[in-house]
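Please look over the sequence and the structure below. A short briefing on selected parts follows, grouped by topic.

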Amino acid sequence: MSLLTALSSGTTGLQASSLELSVVGDNIANANTVGFKSGRAAFEDALSQTVIGGNGQIGLGARLGGVQKILTQGALASTGLATDLALQGNGFFVVRGAHAGQTGTFYTRDGQFTVDDDGYLVNLEGLRVQGFPADPAGALAGLPADLLVGTASAQPRATTRLTLKANLQADAAVPAAAWDPASPGATSNFSTTMTVYDALGGSHAVQVYFRKTGDGAWDWHALTDGAGVAGGTAGQLTEIAGGTLAFGDAGELTAMTQSSSFTPAGQAAPQPLDFSFGDPTAAGGTGLAGVTQFAAASASTFIGQDGYGSGQLASVRVGPEGVISGVFTNGQTRVLGQVAVAGFAAPDQLDRAGGNLLQQTPGSGQPVVGAAGSGGRASIVAGSLEQSNVDLAEQFVRLIAAQRAFQANSKTITTADQLLSELIAMKR
């Protein structure tokens, strides 16, 4: 009967409007949820199987065809926290762990990450972020795994080369007394301090003394406290390197010699040291790039060496490709890993799992996991978070439309009810 059909159609309209209100309400509730993607209720008509005169069909109202995810990019908000990551483009972070009674792999646009007490990069629920770990040399692995970044340390590096740029005063007098390592200051013309690191990361203060021996001729001696030298005596200077320097009439370095004998305390093998004082003309250089002999007062202008001590992780930074670099207390920087990004053929078919997490479904296709910024995957913006893509103005308009639709469908039901009442009254 058509009146009963009208009641049924009106009822489906009320149900459809209620579902629309639920979807809109969910969007509005998540307007401030990091990485949230709004949904849109997609309705479809329901057709009767009854054909009237072979010329048409009577509809049976509306029904929910599905809730479509709107995966447009959300605005990025800067937080200043290095472990907060935002995706700019298509893709999802990959996290693994236990959630809502399930243990497995999940996907998310929420980049609110931190480092847990075991040193792993995790989300706020403790699920571990997946990526490509790096070995102690900074080389990235080929397979995704949990990213361990908080326990890294920097190994020390022994000094092998020391570089000095300085000027030795050309008209300096030759010291009257012979060179005496027990009284180096009184038997030399100029000195400067350098630092040498051993293989264990221990630092040794080295004083380099320069002594004029004649016109354009100098000796140099590198001394350190005997406490840091195998067989040395604490408080007594021990010579670990020395040699000669020769200069031309224009103050250029023409030749140099050196020898070293430095065995750090606690080590069996000697540590080679190469002192670079410039590019002597005898070796094809200009003689002006390092130590020179001009009329100006003796002074050093540059001191450098290639060693460093051990260091602990001080901070991390993440690049657009997701590469995590650790900055250590010894001034060194090393790659610790790379955050992985997953892409899907049909990302709007992923299922929501709560907690800002998504799950793979047969309709979404298989994840394609790789480096950020490659293969069409999003790049990463560190120190930022992607905000919800909910447009409140649009949601309020939809809210009003759903309310009006509910009211209109209720009128269909009350009108059909009045007509049925009239029909029943005819029997009386």
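Val67 counts as partly exposed because its relative accessibility is 44%, and partly exposed covers values between the limits of 20% for buried and 50% for exposed. The model is predicted.

**Val67 and its patch**
- Val67 lies in strand S2, which covers residues 57–69.
- Together with Leu19, Phe43 and Leu64, Val67 makes a nonpolar surface patch of about 300 Å².

- Strand S14 (residues 203–214) and strand S15 (residues 217–225) run antiparallel and are joined by eight bridges.
- One of the residue pairs here is Tyr209 with its bridge partner His221 in S15.
- S14 and S15 form a hairpin, with two residues between them.
- Gly216, in the turn of this hairpin, has a positive phi of about 70°.
- S15 is also joined to strand S16 (residues 237–247) by nine bridges, and S15 and S16 run antiparallel.
- Thr224 has Thr238 in S16 as its bridge partner.

**Ser310 in a loop**
- Ser310 sits in the loop between strand S19 (299–305) and strand S20 (311–318).
- Ser310 has a relative accessibility of 47%, so Ser310 counts as partly exposed.
- Ser310 and Ala154 are 156 residues apart along the chain, yet their C-alpha atoms are separated by 5.5 Å.
- Leaving out residues up to four places away in sequence, Ser310 touches Ala154, Gln155, Pro156, Gly201 and Asn330.

Conventions: Residues numbered from 1 in each chain as written. Predicted model: local features only at pLDDT ≥ 70, side-chain atom pairs only at ≥ 80, totals over all residues. Heavy atoms only, no water. Pairing = 2+ DSSP bridges. Helix = DSSP H or I, 4+ residues; strand = E, 2+ residues; numbered from the N terminus. Patch = residues over 30% accessible without salt bridge, like charges linked within 9 Å, V, L, I, M, F, W, Y side chains within 5 Å. Areas by Shrake-Rupley, 256 points an atom, 1.4 Å probe, with all protein chains shown as cover. Salt bridge = Lys/Arg side-chain N within 4 Å of Asp/Glu carboxyl O. Buried < 20%, exposed > 50% of the residue type's maximum accessible area, 1.4 Å probe, protein only. Contact = heavy atoms within 4.5 Å.
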